[in-house]
Amino acid sequence: MVSDVTDFASLAPAYPEMLLAIGAIVLLLVGVVINKERSTLVSMLAIGLLVVVAALVLLQPADGVLFNGVFIADGFARYMKVLVLGGSAFALMLALPHAEENGTHKFEYSILVLLATLGMMTMVSANDLMSLYIGIELQSLALYVLAAIKRDDPRATEAGLKYFVLGALSSGMLLYGASLIYGFTGHTNLQQIVIAIANDGRSVGLVFGVVFLLAGVAFKISAVPFHMWTPDVYEGAPTPVTAFFATAPKVAAMALLVRLVIDTFEPISHDWQQIIVFLSLASMVLAAFAAIGQRSIKRLIAYSSIGHVGFALVGLSSGTQGGVEGVAIYMAIYITMTVGLFACLLSLRNSNGYVENIDDLAGLAKARPFVAAIMAILMFSLIGMPPLAGFFAKWHVFLAAIEAQLFVLAVVGVLASAVSAFYYLRVVKVMYFDEPTSEFAAVPNELNVIMAVSGFLLVTYYFTVGGSLASAARVAAGSLF
Amino acid sequence: MTLPLFFFYMFSAIAIASAVMVISARNPVHAVLFLILVFVNAAGLFMLAGAEFLALILVVVYVGAVAVLFLFVVMMLDVDFASLRQGFLQYAPIGVVVGLVLLLELLLVAGSVMVAPETAGAAVLPIDGGIENTRALGQVLYTRYVFLFQGAGAVLLVAMIGAIVLTLRHKPNVKRQNPNVQVGRKVSETLEVVKVKSGQGL
């Protein structure tokens, strides 16, 4: 029996995953032994663990394909893993204040976030249809539970159930696609699938498999027409959980999609390109118009995230190295904006609890000028107003699309962006120009810090982190070509 | 007639007969018991085919867990089977069509093996004749597929945590066993030796 598991040192590229898995199990034991209703200690330790794992990912430049080819560690995986770990760590931080009210005070919350993160890292590093599926299931199963973690709240339970049923359906489609691909190429290993397609050419069965596989992944990134669950789940789940849903899992699924279409299905790029272009166009246009009528801030964010996935897919549609670079930069900026947005949302409380409707933001600029200022910066950045970071994110992906002669896509994207400015600016208008209707409660310190960091990064992006992020994204994209 | 052939026909006959009984038994509890009989006989068939691991897993998982779960469901939920049976004749044609499709598929599978016998042997992982299949499984599970195996384990862990988080409730007024206290009890705390004088009582 041939095996590449010879000694521990040869597993170096998988150390971060192993540390995260062992750490999650140890923290589970810690939580059970402490056995308290509220467990800040476990949350703190979990955040620390994520930071250590992220450092390990950065410090371990050893590339390699491990475990008989099911696991790959390369520059692209490292870049995406750092984003995923950062998103998860911030999501845990956002869950700290008012944890009892959100249902996130149980220690299992942190454990489930850690295990979901492990699943996402597996997705990012998947080099085989089997490890891809295990990663997706590990991530999704934890997310279903997280959506319903406030189990006495009917809305959260509904969100969890809806997510579970639709997620199971998408897993079914994904598996069906994977089985067709396996049947028509004879391999589950992604690198061997490339060789098989290159040798045998495309067949109808293979294209069918690719369509189903991409549909399953499109559900996970909530691209139109597989977006239906997003607004309901985002609205129903407790807000810190929604913050988690909107950041790390999207990055992981996007990384998986990029690896699949750029690396594995490169020989049939003409076939997948049509699918990605359609997903991108539909997501941008639908999100721009559907968000206009929304009154709930969380539903607005849900549609906004659908739209942003569409913009990121513009970069992927080009299929070029510049496009992948654009996607990588886009996801980093998207995470920064989303974390900041949820920090604002979680800091807005009036006498009825969390502020959920846009109209309740009235007069925020007078009552809480700092929160209103950060929120305004975020809204302008989400529109893509220069010189904020959101502009550079869109600039990279549209540039890639134009270089790849996808003019229609770029034009529709810019138009959708202009339409979406309407509902983003309405939030600013309500905050700054409407008369206040209710009092706002004091803002917890950790949220102030997150908002300040997010706002600072978005405003000074071009002068501070922009250059290093772009070069990191270039290295990441380069490892796929 | 050799002994294995005799057992093959015995297991198969009992399996088919009890499968018929599963769908024709009036009492649902009997149906589940016949289902268990089917599983046990199928396990016997696996054993004859040389797949002893699969045979034992079938007994452990299907008989031990799944069938007992069925029994629980049948006995605990008050399912009105009479109303479920209504309209049986109405839907019978659809059942016949589904059955025919399945039969056709079986014939196609069997037919392809007849036409090209080499396809049956084209297994991805040829079995080494020298080792029993439990050992063979163990060898690949912890080497070749260790990542996937551990990943699947993590998925099960998440399922377990999820089930506990979503359903376990600590009710305040429930008396619970505390094994620590039970084991740590001393004789002096529980037993009192009383000298009773004869004829006086306590």
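Me: What percentage of the 202 residues in chain B is buried?

Reply: The model is a predicted one, in which local features need pLDDT of at least 70, side-chain atom pairs count only at pLDDT 80 or more, and totals for chains, interfaces and linings use all residues. Residues are numbered from 1 along each chain as its sequence is written, while chains are lettered from A and ligands numbered from 1 in the order in which they are written. A residue is buried if 20 or more other C-beta atoms, placed from the backbone, lie within 10 Å of its own, exposed if 12 or fewer, and partly exposed in between. By that count, the buried share of the 202 residues in chain B is 9%.

Me: Which element of chain B has the highest confidence?

Reply: Confidence is given as pLDDT, the predictor's score for each residue from 0 to 100. Chain B averages 84, and 89% of its residues score at least 70. Helices (H or I, at least four residues) and strands (E, at least two) are DSSP runs, numbered from the N terminus. The lowest mean in chain B, 64, belongs to helix H6 (residues 118–121), and the highest, 93, to H8(B).

Me: How many helices does chain B have?

Reply: From the N terminus on, the elements of chain B run α-α-α-α-α-α-α-α-α-α. Chain B has zero strands, and its helices number 10.

Me: How many buried residues does H1(B) hold?

Reply: Helix H1 of chain B covers residues 3–24 and reaches 32 Å from its first C-alpha to its last. That is close to the expected 32 Å, where the expected span is 1.5 Å times one less than the number of residues. H1(B) is hardly covered, and among its 22 residues the count of buried ones is one.

Me: Which helix gives the most to the side of chain B that touches chain A?

Reply: Two residues are in contact if their C-beta atoms, placed from the backbone, lie within 7 Å. The contact takes 26 residues from chain A and 18 residues from chain B. On the chain B side, helix H7 (133–141) and helix H8 (146–167) each give two or more residues. The most, 14 residues, comes from H8(B).
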